[in-house]
Amino acid sequence: MQSKMHGKSLPRHVSESKRMIVETSGPSKRLYQVWKGSNKFFLGGRLIFGPDVRSLMLTIPLIVVPVILFSVFVSQKLINEFQHQLGKFIVAFAVLFASYDIVILFLTSGRDPGIVPRNARPPEPTDNGNSSLRLSSELSGIYGGSSLPPTKDVFVNGTIVKVKYCNTCMLYRPPRCSHCSICNNCVERFDHHCPWVGQCIGRRNYHFFFMFVSSTTILCLYVFSFCWVNIKMIMDAYECNLWGAVVKSPVSGFLIIYTFIGAWFVGGLTTFHIYLICSNQTTYENFRYRYDGKMNPYNHGCFHNVKEVLFSGIPKSMNNFRAKVIEDSARFTSLHSTGQVMPPDLSKPSFDLEIGVKRHTVSTEELEDIQNQFEIRPLERCNTQSSHSIWTDDKGNWDDELVAGFGTKHNWERTHDIEASSAEFGTESGFGDTFHSEAAT
């Protein structure tokens, strides 16, 4: 069979197992193309969104449409009443501030919130001197389990904090890190997953999120205030009551109600996050741990907390989503991410020439080895000391695992090959014996 890899044909003497590995090895891809999280990537991995990025199609109109209505229907009265270009400035400020709010929204939604890279395999047990612990860890990894403790104690500012082991990312989460079930990632300083921005809120985008909700609150109050100014001008100009002014400018009445409800929503959210910033908490910690009843190890005082959260530099992302990776290695990582850890020899459906391909000639030494394996294996299965046979008898047990993994078809081919080889060897041996006996006579 002629196989090609990067435009070159494989030599004929390459074994079938290695030939299959080369053929199934995919070309190199970018990390974002094989990423195991639920994120959505755009512009070649430069923008990373959450799986619910479509929610932006609702959030953006909720901000833009009221500003457009304000600029088209309300601003005309303001421009005519205010002198020295003040009316135009009022309208221009609303448009520019809305544009600023949209930019902050994309800075919050379209960046890495602080995703912790996944491990390709579970970490080694901390007790390296205990061989039985390492053995049980390796055995449990092969069969999909884990012997690692679910939590581990770490010191944070002199206080013991328990960090959990993530079975999906196969790592002990750093302090204040949590796994987002929506994005399927562990995120540093996880605050919450915001459906309005379609992204997790973590260490690398929290201050952008706070700027977004606070600027949206200011925008709502701005439009709310000048709609009232427009209503008051109509009342004075036409000498009518409130209802008459609303009838003459229904868009102003609608925006007053709309921005009032929006200001309560985003304003309350802004107030809540001001409290979290001053006490150096996250939304997740506030609802889960309730630091009010115990010491918060991250609280350094209001001034230092505000400086740390809002005015500290943005840490560099721990992931290079545009880096090139091998697709097969990423597939092997996906096995680990689901907890199904397999040995490297079993990670691909590859097997040696002696197992899956028919042979026409077998040497005497190889035939004796194969026969000895079939004779010794029943004794090994009856042996009670199975802990030694798993790792020392590579030839016997690993063959059993491979045969069990690849099915009865390969088992039948192997038996058929051995019988055919035995018959062929027996014919050649019988001919040799007859020749020697005749020569002796």
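Does Phe190 count as buried or exposed, and what is its relative accessibility?

Modeller: The model is a predicted one. In it, Phe190 has a relative accessibility of 8%, under the 20% limit, and therefore counts as buried. The ring count for the model comes to 17 aromatic pairs. One of them joins Phe190 to Tyr284, with 5.9 Å from centre to centre and 75° between the planes, an edge-to-face arrangement. This pair links distant parts of the chain, as 94 residues separate its partners: Phe190 lies in the loop between β10 (185-187) and β11 (192-194), and Tyr284 belongs to helix α8 (residues 283-288). Tyr284 counts as partly exposed, because its relative accessibility is 26%.

A tilted pair is formed by Tyr32 and Phe41, whose ring centres are 5.7 Å apart and whose planes meet at 50°. Phe41 counts as buried, with 17% relative accessibility. Elsewhere, ring pairs connect Phe89, Phe93, Phe97, Tyr100, Tyr222 and Phe226 into a cluster.

The charged end of Arg189 is placed over the ring of Tyr206, 5.3 Å from its centre. Likewise, the ring of Tyr298 has the charged end of Arg176 over it, at 4.0 Å from the ring centre.

The surroundings include the largest nonpolar core, which has 39 residues. Within this core, the members that touch the most others are Phe70, Val74, Leu78, Phe212, Leu219, Cys227 and Leu255. At least two core residues come from each of α2 (56-81), α3 (86-109), α5 (206-238) and α7 (250-279). The largest share, 14 residues, is supplied by α5.

Phe70 shows how such contacts are made. Leaving aside residues up to four places away in sequence, Phe70 touches Ser75, Leu78, Ile90, Ala94, Val223, Phe226, Cys227 and Leu255. Phe226, one of these contacts, is also a member of the ring cluster described above.

Helix α5 itself can be checked for its length. With 33 residues at 1.5 Å a residue, α5 should span 48 Å, and its end C-alpha atoms are 48 Å apart, so the two values agree. Just after α5, Glu239 takes a positive phi of about 50°.

Conventions
Residues numbered from 1 in each chain as written. Predicted model: local features only at pLDDT ≥ 70, side-chain atom pairs only at ≥ 80, totals over all residues. Heavy atoms only, no water. Core = buried A, V, L, I, M, F, W, Y, C linked by side-chain atoms within 4.5 Å. Buried < 20%, exposed > 50% of the residue type's maximum accessible area, 1.4 Å probe, protein only. Helix = DSSP H or I, 4+ residues; strand = E, 2+ residues; numbered from the N terminus. Contact = heavy atoms within 4.5 Å. Phe/Tyr/Trp six-rings, centres within 6.5 Å; stacked < 30°, edge-to-face > 60°. Lys NZ or Arg CZ within 6 Å of the ring centre and 35° of its normal. Expected span 1.5 Å × (residues − 1).
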